[in-house]
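Please look at the structure below and work through the questions that follow.

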Amino acid sequence: MSEPRWLNETQMRAWTGFLETSGLIQRHVERQLREDAGLTLIQYEILHWANERAPERRCITELADLMITSRSGLSYQVAQLEKAGLLRRETDTSDERRAMVVITEDGRRLLEKTAPGHVEAVRDGLIDLLTDEQIAQLADMMDSVRTRLRPRVLPTASRKRIT
């Protein structure tokens, strides 16, 4: 058995910094979403991706792959949004085993109302703290990591970013 490739001090700082920072940003953004709309970050993301397909429907399995979450965990969140009248579930007419989601008009209005505060929280928690060059570098780094990990983590999903 070979010796583990331990992280050096800079690599460990990068890794632990990534973990802490991603958690802090998510909490910062979620606080805004809860205050402005009573939504969690995952619920906002579900509405966002459902709206990206409007007026078409989006398959829950595709949505789970897109959001890197389990179908069962996503189904619970979709049920909560459905109860609130923000989404509705439908059966796929071409395959009755597939569940589809569609954003409702109330969901679209809430998303539109919440989006300005959401983007301000994203700016305040990340974008405005970095230079344009740092943003471009961060975007390139995230593209590299996503391109490498997506097929490994989601081997049955498309290798391309789902949009």
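Q: Is Gln-43 buried or exposed, and what is its relative accessible area?
A: This is a predicted model, in which local features need pLDDT of at least 70, side-chain atom pairs count only at pLDDT 80 or more, and totals for chains, interfaces and linings use all residues. Residues are numbered from 1 along each chain as its sequence is written, and side-chain values use heavy atoms, leaving out hydrogens and water. Buried means under 20% relative accessible area, exposed over 50%, and partly exposed in between (1.4 Å probe, protein chains only). Gln-43 is therefore buried, its relative accessible area being 11%.

Q: In which helix is Gln-43 found?
A: Helices (H or I, at least four residues) and strands (E, at least two) are DSSP runs, numbered from the N terminus. The run that covers residues 41-53 includes Gln-43, and this run is helix α2.

Q: Which residues is Gln-43 in contact with, leaving aside its neighbours within four places in sequence?
A: Contact means heavy atoms within 4.5 Å. With those neighbours left aside, the residues in contact with Gln-43 are Gly-38, Gln-77, Gln-80 and Leu-81.

Q: What is the order of the strands in the open sheet?
A: Two strands pair if DSSP finds at least two bridges between them. β1 (58-59) and β2 (87-92) each have a single partner strand, so they stand at the edges. The pairing is antiparallel, and the order is β1-β3-β2.

Q: How many bridges pair β2 with strand β3?
A: Leu-87 stands opposite Ile-103 in β3, and Asp-92 has Asp-95 as its bridge partner in β3. A hairpin of two residues joins β2 to β3. Over residues 95-103 of β3, the antiparallel pairing with β2 has a bridge count of six.

Q: Which residues form an aromatic pair that is stacked?
A: Rings of Phe, Tyr and Trp (its six-membered ring) pair if their centres lie within 6.5 Å; planes under 30 degrees apart count as stacked, over 60 as edge-to-face and the rest as tilted. By this rule there is one aromatic pair. Its rings are 5.9 Å apart centre to centre, with 25° between the planes, and the residues are Trp-15 and Phe-18.

Q: What separates Trp-15 and Phe-18 in helix α1?
A: Trp-15 is partly exposed at 44% relative accessible area, and Phe-18 is partly exposed at 42%. Both belong to helix α1 (residues 9-37). Because they are three residues apart in this helix, the separation is about one helical turn.

Q: Which residues that line the largest pocket are the closest to its centre?
A: On a 1 Å grid over the protein atoms alone, a pocket is an open set of points where a 1.4 Å probe fits, with protein on both sides within 12 Å along at least five of seven lines; lining residues have an atom within 4 Å of a point. The largest pocket has a volume of about 2000 Å³, where grid points are joined across faces, edges and corners and the volume is the space filled by probe spheres set on the points. Of the 40 lining residues, the closest to the centre are Phe-18, Ser-22, Gln-26, Met-142 and Arg-146.

Q: Which helix supplies the largest share of the lining of the largest pocket?
A: At least two lining residues come from each of α1, α2, α3 (60-67), α5 (105-125) and α6 (132-153). The largest share is 12 residues, and it comes from α6.
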